[in-house]
Amino acid sequence: MQAPSSEDLRSTPSRSSSSSVRLGRCSPLHSHRQSFTESLRGHPPSPRATRQPSLSQAQLQELLNHPPTAGTADPTFSGRDWQTVGVGELCDPADLRWVEFDSGVEDATNLLINSGAHVLLVRHHKDERAAHATYDYRDLTQYLLFATGQLQPDEEHLPIFTSLAKKAQAGHPIPLRDAKSLGNKEPFMTLPATANLTHAIEVFGGGVHRIVIVEEGTDNVVGILSQLRLVKFLWENGRNFPIIDNLYSSSVKELGIGSQQTISVNGDKALKEALKLMNNEGLTSLPVVDNQSNVIGNISNVDVKLLTKSSSAPLLDNTCIHFISVILSTRGMNDGKDSFPVFHINPYSTLAHTVAKLVATKAHRMWVTDSPSPSLQSTSMPPQLSQPSVSHAPSHFPSLPQSNPPFLPLSNTPSVSASALPGANMAGRLAGVVSLTDILNLFARASGLHPTDPDERRRQRRRSSSSSMMRGSLDSARSSSLDVSTANIKR
């Protein structure tokens with residue numbers, strides 16, 4: 001039997017439904033192939049609408065209380081007390097990314113973004129294995145504020161500021177050494193690789209976010225240990241550490257962890273005000289709320305990578321709500337699926353649920369929310385604005401905005417309402433915050449250690465951030481009562 005030709009295959013009757021649209025006069029044996037646009041019309045309802053839940057309420061509650069770990073326990077640590085584990089055992093030298101003090105800020109930023117690293121080690125020359133500083137997204141945020149004219153120097157720092165501004169306006173590359181002179185955000189701390197985790201957890205429990213690990217007796221760097229890396233390790237290997245594992249079933253309220261005061265920004269405020277607030281207060285992330293203090297999103301220092309091109313400058317003058325829509329849309333395109341804000345828990349969430357969310361989202365803190373308050377922003381958004389354009393948020397960022405860049409007009413930039421954000425009704429009213437510092441401080445105290453007071457570290461960081469050249473900017477950021485809100489959580 002002769003195989004059918006390509007012409008025969010094209011003339012085979014289609015299995016499309018009889019309701020499909022036909023154009024022109026077609027033979028009964030020839031059905032019209034639907035175009036992509038036609039296939040979207042009359043799309044059948046999603047089977048999710050009639051799908052029966054796969055878990056009972058009791059099973060769902062059990063899953064929330066005791067979520068599965070992100071990975072399997074490492075047999076290397078089976079039967080060992082976590083306090084005897086060396087910090088060097090949790091580090092990988094392959095994760096290190098280096099940059100020199102004489103490198104340009106643009107090159108350093110591109111390496112930070114493209115490598116996927118959260119921090120770069122800064123050294124004097126390429127042959128050196130000792131680090132003298134770090135460059136991370138908090139440094140990038142501060143430089144971005146400088147480059148767009150948002151920082152106001154005091155008299156002492158005016159010469160440095162003026163010199164950098166002239167270089168930027170002339171198009172000359174700014175060395176990382178000069179950019180770091182704008183201020184240091186994170187204390188540079190080291191530990192030898194042979195030190196055990198008790199030293200690290202005491203430091204982390206006091207509010208330090210990362211520790212540079214060096215070879216015993218030298219300054220040669222062998223790794224970086226972060227708060228998140230340690231929390232993830234203790235989470236995945238929790239069953240080997242009963243003292244810590246026994247805490248996971250308790251609720252956040254029972255454990256009494258977290259801060260009763262939070263700093264937030266209203267979603268209607270300009271993005272540049274949120275970035276100044278984060279910079280001035282020494283924060284790595286900030287909750288975005290509506291007029292009733294309902295959490296509608298989250299902005300972190302890492303998100304500034306969407307602002308490192310001059311064409312993204314209009315985002316600074318647009319609202320925080322709009323920037324959140326850009327973040328979620330860009331994340332959805334990169335991940336190939338819808339993205340929702342999940343940076344919140346409630347006072348009765350277990351520690352296990354809280355830690356699982358922190359590890360899964362790689363966040364530094366979870367916002368504690370109560371039941372949602374009726375929102376004044378309940379009006380629906382026009383369909384054409386429900387998917388805001390993100391053409392100004394490219395995946396590669398070859399250049400940073402120069403000082404006082406020519407800002408583009410905002411008339412064509414869509415305005416996004418809080419109710420239109422994906423998952424806007426999933427959170428509730430802002431009532432507090434639980435951070436990695438709070439959790440590691442709890443682990444340290446439960447193990448009989450004596451970490452420093454994290455609130456004192458926070459006060460030091462804010463004093464450092466708000467002093468000198470940041471002072472004028474801080475006053476302006478606090479000028480509106482809607483910029484900063486203080487919420488109390490009743491325990």
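## Surface and overall make-up

The accessible surface of the chain is about 24600 Å², and carbon and sulfur atoms hold 51% of that area. Areas follow the Shrake-Rupley method with a 1.4 Å probe, and for residues only the protein chains shown count as cover. The model is predicted: local features need pLDDT of at least 70, side-chain atom pairs count only at pLDDT 80 or more, and totals for chains, interfaces and linings use all residues. Residues are numbered from 1 along each chain as its sequence is written, and side-chain values use heavy atoms, with hydrogens and water left out.

Of the 491 residues in the chain, 48% are buried. Buried stands for under 20% relative accessible area, exposed for over 50%, and partly exposed for the range in between (1.4 Å probe, protein chains only). The chain has 18 helices and 12 strands; these are DSSP runs numbered from the N terminus, with helices (H or I) of at least four residues and strands (E) of at least two. Among contacts with a separation of 6 or more, 72% are between residues 24 or more positions apart, a contact being heavy atoms within 4.5 Å.

Strand S4 (residues 190–192) runs parallel to S5 and is joined to S5 by 3 bridges; two strands pair if DSSP finds at least two bridges between them. Leu191 has Ile213 of S5 as its bridge partner. The path from S4 to S5 passes through helix H8 (residues 197–205), and this β-α-β crossover is right-handed. Right-handed here means that, with the strands pointing away from the viewer, the path from the first strand over the helix to the second runs clockwise.

S5 also pairs with strand S6 (residues 221–226), here in the antiparallel sense and over 5 bridges. Val214 stands opposite Val221 in S6. The hairpin of S5 and S6 has 6 residues between the strands, and Gly217 in this hairpin takes a positive phi near 80 degrees.

## The S7-S8-S9 sheet

Strands in the order S7-S8-S9 form an open sheet of 3 strands with mixed pairing. S7 (265–266) and S9 (295–300) are at the edges with a single partner strand each, so one side of each has no neighbour in the sheet. S7 pairs in the parallel sense with strand S8 (residues 285–289) over 2 bridges. The bridge partner of Val265 in S8 is Val288.

## Aromatic pairs

The chain has 6 aromatic pairs. Rings of Phe, Tyr and Trp (its six-membered ring) pair if their centres lie within 6.5 Å; planes under 30 degrees apart count as stacked, over 60 as edge-to-face and the rest as tilted. One of the pairs is Phe77 with Phe233, edge-to-face at 4.8 Å centre to centre and 80 degrees between the planes. Phe77 lies in the loop between helix H3 (57–65) and strand S1 (98–100) and Phe233 in helix H9 (residues 227–236), so this pair ties together parts 156 residues apart in sequence.

Phe77 and Phe233 are both buried. The ring centres of Phe233 and Phe241 are 5.7 Å apart and the planes are at 45 degrees, so this pair is tilted. Relative accessible area is 3% for Phe233 and 2% for Phe241, which is also buried. Ring pairs link Phe77, Phe233 and Phe241 into a cluster.

Helix H5 (residues 137–147) is largely enclosed by the rest of the structure, because 11 of its 11 residues are buried. Asp136 caps the N-terminal end of H5, with a side-chain oxygen 3.1 Å from the backbone nitrogen of Arg138. Just after H5, Gly149 takes a positive phi of about 75 degrees.

Ser325 is in helix H14 (residues 320–335) and is buried, with a relative accessible area of 5%. A polar atom of the Ser325 side chain lies 2.5 Å from the backbone oxygen of His322. A polar contact is a pair of N or O atoms within 3.5 Å; within protein, one must be able to donate a hydrogen and the other to accept it, and residues adjacent in sequence count only if both atoms are side-chain atoms.

## Gly448

Gly448 is in the loop between helix H16 (436–446) and helix H17 (454–466). With 49% relative accessibility, Gly448 counts as partly exposed. The C-alpha atoms of Gly448 and Thr198 are 10.0 Å apart, while the two residues are 250 residues apart in sequence.
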